[in-house]
Each structure stands twice: as structure tokens, then as C-alpha cells.
Amino acid sequence: MGVSEQGSGGCKTVLLAEDDQDIRDVVQEVLEERGYDVIPARTGRQALDFLATADVDARPDVVILDLMMPIVTGWQVLEEIRQRPDLENIPVIILTAVSQDMPTGVTAVLRKPFNIDELLALIRDGVGVTRS
Amino acid sequence: MDQPDDQPEDVVPILVVDDHDENLVAMRGILGRPGYRLVTARSGNEALKHVLKDDFAVILLDVLMPGMDGFETAGLIRTREASRHTPIIFLTAAGADLAMVERGYAVGAVDYLFKPLNAEMVRAKVGVFVDLFRKARQMRRQEELLRTAERDRNAAAIRESEALYEASFNGAAVGIAHVTSDGRWLRANPRFAQTIGYGPADLLNMHIADVVHPVDLTDDRVGLRRLFEGELDTYRREERYLHKDGHVVWVDQTVSPLRDASGKVKNLIFLIEDITNRRDAKKRERLLAGVSQLLLQSLDHPADMAGVAKLVVGSLGEWCVIGTIEGREGRERPTGKPAVAHADPRLAASADRLRSALAVSAAYAGSLTSRTTLTSLTANADLRAAWNVDGALLAELGVNVALSLPFVTHDRVLGRVTFLSAEAFGPGEVLTAHDVTQRIALALDNARLHREAEDAVRARDEFLSIASHELRTPLTPLRIQFQRMLDERGQLVVGRAERMQPILQRCERQVRRLETLIENLLDVSRITTGKMSLEVSEVDLGAVVRDVIFRFSRELAAAGCQLSLSLGDDGALVGRWDRLRMEQVVTNLVGNAIKYAPGKPIEITVSPGDAFGCTARLTIRDHGTGIPPSDLERIFQRFHRVVAASSISGLGLGLFIAKQIVDAHGGSISVESSGEGTQFVLDFPLRGTVEATPIPPDGGQKISMGSHPGPGPALLGLNDPGVWS
């Protein structure tokens, strides 16, 4: 895993919705080492709450979304994002441990256990997409 | 001619007619000898009287007599049939003229004797006729004997033929009976009577309408009339006769006319053969094939009982009621409304009323779980008691008998079928009813097995999906941690030991997590194959609980759960248990409490389970949202998770494994739950079954855990390493 620098233009924000604490912690650590602002969410509910309250400037540049989460699932979060015009173009990277019922129309789907370099590359690309 | 009885056979009567006594005396002198019986007459009239009474060998007749002379007398003798050929010898004076002699021959004389009589001549001539007479008489007698012998022979032949006829009639293997023109049974052979349950004599007071089914008799009417009118020679038909006890007997009936000497039809001969068995067998075959086909079509959903009921009516009674039950043993309830069918579509309204009445009858619901077979009950009284439905409704059905059989498979009652009929069920029908019932039972059992197999497959698929998810989750941070320790060339990132330590610690925790998961899977495999064993030693329940709680410190803190432990003050509760398995049980239950009730207090109590020191009790109570009542029954089953798979992680094996371990220790586990939380109560024996088994030489006491019925590891694929790759 190489250390790559984040592009210029200040901190980019990543919303990380993942119910498993071990995964959440390690991904957060890696992203923070790369200079991202990470907003961790333990449930789909927390992710939605953040999206609902955050103003335009605090809006995340990329959403990393686990599908199987308690209380509100990743599917429900995805549904909500699609219905919000202001989040229309936000890149969504799906993390999942199951192989059936994959969502479509997302930036990428990563199957657990995934390669962290692949995730970092997708986030970099995603950030680029939002910028253009 | 019959001889008078007093006359010896060889004595020959001779009549002598003469008006002179001296001539008669002379004739006695000449002919008075043994073997001759001389009858004398003094006039023609007297002679005729004798001729009427007697048959003479020869008549000696004087020609010249006062009054009626010899010729006249001879003429009259000849007019009588019996004496037409009796030889007559005229007695006349010598020198009679030729004309007189000719006249004598003309009236039938055979000879003349001239007076004075020559004794020798008389004797010779008479002797000739006596001989003739004797011969003729002998011939007649022989003829008579021959005739008698022939008559006797004929009589014997007739008697023999009658006996033969009687024997064939009585011994015939077909039923034979004669019917008069007004429809009464004239005679019946034993087979005929026996076919319909009567003695041969019983039928003689009966009418054809008492025996032949009314519907068939109506159809027969034309045919029988045409037989009587001579338009038909035979009339053949398969029809129903009514047995004495009321059930229907099918016969192959052939009727033919019985004519008198003049050729006029007097009676009818009925020939019957009992074809009930043949007909029943054919009917049973057809019916059972239909039932099987119908039942096979509905294997994957509740069997089509309405279809079956509809199919059997008409063949097995007029009404059919089928009810099935569902639910666990002891808590069965009827599966919806019963299936009710009737052969006559016009009675659809009654069928609907009966269906509705049975659907709300507790007595009927209760009867569905009964194992009793009721054969030919008196429908109205018995059904009213068994079903507790309105008597008027039962009267509407128009049934007299019922046959009610339970479906039993694997010693479980699955429901009941009741056949109702106006007429009694024959033995063949009862057999068919049993067959139909058995096929329904088999179909229900097949459907149940099919359902269970489908459930098992679904549970396995779900389990594999969950297992895959659960195993991939700890692998994810593990992989990321390893990636963090290597650079893009695959070289170890050096000189950052202080950073490596937490990474490695995390890795170690992930590996332990994986180990626990795999251990749980293997436990299920061991339990289902009966290979899990207990290694017992002296174990303090309180100590086990304390150790487990200590290991949960970090999780409890992370979840914000306040845990309180009460060990009581009765001293340690020590039993002979498998310590690691006990820890596993407590770990599963505490882990569940943290998982399902985060941020809420958890209370654990260890105390004596009873006043006699026989059991130790462990109580674990959380204050979560509780378990829905519908799930409470099933939470100790494999792969059952209370919350949908998408929200809470876990294999759903913890409580199943916990219960198996508790059961293996001879203990018990129960659960109570409400909206304010869930409480598990576990009782372990302090002494008892576990003690009974001697400790094997390897030191540990091994107790095999009971094999669990249901899909084993082969079905789960737990033994197949490929599943997890």
C-alpha cells in the first residue's frame, strides 16, 4: 500500500457507513492517514441523519456504504441518496459480504474482504468526478 | 281282463246254456273235471247276465230254447266288446238242416255239437278251446307283467330325473328363482337366497320389489313384461339387489320364461350371479387411481381435499366430509373449513350450511384429533353427538349411516374423513374407504416431508449466505491490516514497530473471531452427528460466569451496558459439568444480551434452583425490546434469528448450541420475554445423570450429545471445505 497524496484544494470528506467496528476503525485510520476527513456512521440511520443535517459545504465528497447494517440498511440509505437532487452526483462505493442482489447505478461495488488500495483508488477517482 | 281274486289262475270258466235240467246235469257229468268251472244258465237272458260278469273260455249254447233262442242269444253276446271273440259252440238235435247250421256260423258259432251228445266229442272240442283260452290268458298275463315292469322302470327314471333336477337346483353355483306373473317369488335355490342374505323359505312370502333395487326394477319393468308376453327369450342386465341388512349387492341377472305344456309363459326364471366383488374391485381401482392422481398433483401445497371429497362421493356414499389439522402435537387446529361434497349438485346449499356449521363446531374440531375408527354408525344420532350440529341440518342430508376414519401416519393423526350414505356400506366399500383414507394420509405425509425438506433447504441456503457474510466480515480488517504492513513492492514496512503493535493486536482479534465462528459451525456439525462429548470435572458455576463477564469487559463498555452479577451468599454451586461448554453457553447468552439490548443494563444471578440443593440456577436478564411471541417457540432451533438477516449479524446458532449443551448436561433452558426485556433461566443438576457414567481411562468423562433429527452436516455442506472457499 503506497502512500499517495491527496490532491490540492483542502480536505475531502468521506462518509463511511459500516456497522462492523473493526472494519470501520481500520478503514477510517487508513483514510485519515491519506488526509481525508472521515465521518463514521455505525448504522444507516446515523448516515442518513448526517446527510439530512449537513449543509452544502459539509456535504461528503464520497459515500462508502455497507449494505447490511442494523436499523436502517445500506439499501435504504442508497434509496434516500437517489431521491435527493443535491446528492445526485455523489459517488457511492458499496461494500458487501454477500454476492447476490447487487445494487446498480453506483460508482463501484467492493466485495469483502476487499483490497484497500482498490478502495483508495476509487475514492481518488470519485473525488475527481465530483470536482469536474 | 282281470280275474276275480277268488278264482285260481288255472281254473277255466265254461258256460253251458240249456233249458233242460237233464241236459245240464249230463253236461256236468261230461265236463266236471279239475280245472274247469262250469257255469250253467237255463235261458238266454240268464246266459247274458253271466257273460256280463265273467269271461268264459267257451260257451255251449242250446239253439232251441223258449223265449230268446240260441241264435238271438249268440247275437247279443257278440255285441258286447268283451265277449265278441268268446268261442260259442251250438248244441242242437241231430239232423238239423244246413240252413240252420249256416245261420249259426253267421252269428258267430265256431262249432256245433249234436244231441245226443258224445261225451268224448264234447270233451275234445271243449278241451281245444280251454287250451286256447289258457294260452291266451297266459299271454295276457305275460303282457301284463311286461307292462308293469316297464311302468316301474319309467317311474324310477322319473324319480331319478326329479332328484337330479332338485340337486342341480339346490346345488347350483348361480342363484336360481322362479317368479310368478304377479311378481312373487315362487321358489328360490339356496345360492339365490344366500346372495341377498335370506334363507330359501324366507323369499316365498316376498315380492320381487322387496329384493330388486327400486331404480333397477323400474328399468326392468318393460323387459319383464315382454318376457311374459313371449316377445323375448332372455333378458339380461347388471343390477342392484338389496341385501337383507340393507347394503347393495350387484348381480348379473338373466331372466327367461318358464312355459307350461301349452307353450304359454307361466313364470319367469331368474338366474343371478353375485358380481359385487368384481364390480367393487373395478370401481375401487378406478377410484383409487383418481384419488392418487389428484393427490399427486397437489404435493407442494395443501392437498386438494375438496377435490378428493368430490371424487369419492357417488362411489362411497353420497356425502363426504374431510377435515385436516395443522400445528404441533397437542396444539392442533383444523386447517381452514372442512371439505364437504355431495353427489347431487342440487344439495350445494346444504353442503355449504354443513361446512359452515362444522367450521365453528368445537366437537368436530376435537373429533379430528381422535384416532377412533367409526364403522357404519347410525348417522343422525351418532353424528349429532360427534359433530354437535343442528339435527335438522343432518336430517336434510338424508343419510342413515356414516363411516368415519382418521388419517394416521407415523403415529400422528393428520385429520379425518367421514363418508355418509343412505344405505349401509358393503364390506368392499369399507375396504375402499380404508384405502382412500390411507392414500390421503400418505399424501399429507408426503406434503409435510416435502415442506420440511423445502424449509430445510431454505434454512441451509440462508445459513450459507449468513455464514459467508460472517466469515468475510473479520477477513476484511485482517486483509487491510496485512496490506498496511507491506509496501507496494510487497516489502515489510520497516522501522515503525510502535505502529505495528496495535495492527497485530487487531489482527489477532480478527483471527479469534474467525475461530469462534468456525468453532460454532463445527459444534453444529458435532451435535447433528451426535459426536459432541462432554468432558466433566468439578466446576463452580459462579466462577464460570465471572470469567466470562471479565472477557466481555471491552464489549460491555463499547455497548454501554451496565452488568450486575449476583452470586448469592449460599456458597459456591459446584457440579460435575464440562467447563468449556458451560463457558460457551454463558458467552452466547451474554453476547446476545449485549447485541440485542445495547446501552441497557444486564442482570445475572447465580442461585440454587430449588430448596433441596439439587440444581443450580443461572438467570440472565436484559432490558432490550424483547422477542416477539411468534419467535419465542423457535429461538432454540438452528439458524433462527429473531431479527431479519440484514440488520443484526450472527449465525443464529448460539441459542441452538446453548440448548444442546444444557440438554446434554441434563439441565433445562427457558425464556420469557416482553417489551421490557428478555430473561433466560437455566437449571443445571448438581448431581444426577452426568455422574452416572464412569470416567473413561483418558481422564475426561465423555458423554455423547443426542443426535438431532433434521438436515445433517451433509445437507449443510459443513464437512465440505469447498463451501467456504
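Reader: Which residue stands opposite Leu65(A) in E4(A)?

Author: Ile94(A) does. The model is predicted: local features need pLDDT of at least 70, side-chain atom pairs count only at pLDDT 80 or more, and totals for chains, interfaces and linings use all residues. Residues are numbered from 1 along each chain as its sequence is written, while chains are lettered from A and ligands numbered from 1 in the order in which they are written.

Reader: How many bridges join E3(A) to E4(A)?

Author: Strands (E, at least two residues) and helices (H or I, at least four) are DSSP runs, numbered from the N terminus. Two strands pair if DSSP finds at least two bridges between them. Here four bridges join E3 (62-66) to E4 (92-96) of chain A. These two strands run parallel.

Reader: In what order do the strands of the open sheet lie?

Author: Five strands of chain A form it, in the order E2-E1-E3-E4-E5. Their pairing is parallel. At the edges are E2 (37-41) and E5 (108-111) of chain A, each pairing on one side only. Neighbouring strands are turned by 20° against each other on average, direction ignored.

Reader: Which strands does H1 of chain A lie across?

Author: Angles run from 0 to 180 degrees between N-to-C directions, with axes fitted to C-alpha atoms, for helices over the stretch in contact. Contact puts the C-beta atoms of two residues, placed from the backbone, within 7 Å. H1 (21-33) of chain A lies across E1 (13-17) and E2 of chain A. H1(A) runs at about 170° to E2(A). H3 (74-83) of chain A also packs on the sheet, touching E1, E3 and E4 of chain A.

Reader: How many residues does each chain give to the contact?

Author: Chain A gives 19 and chain B gives 22. On the side of chain A, H1(A) supplies the largest share, five residues.
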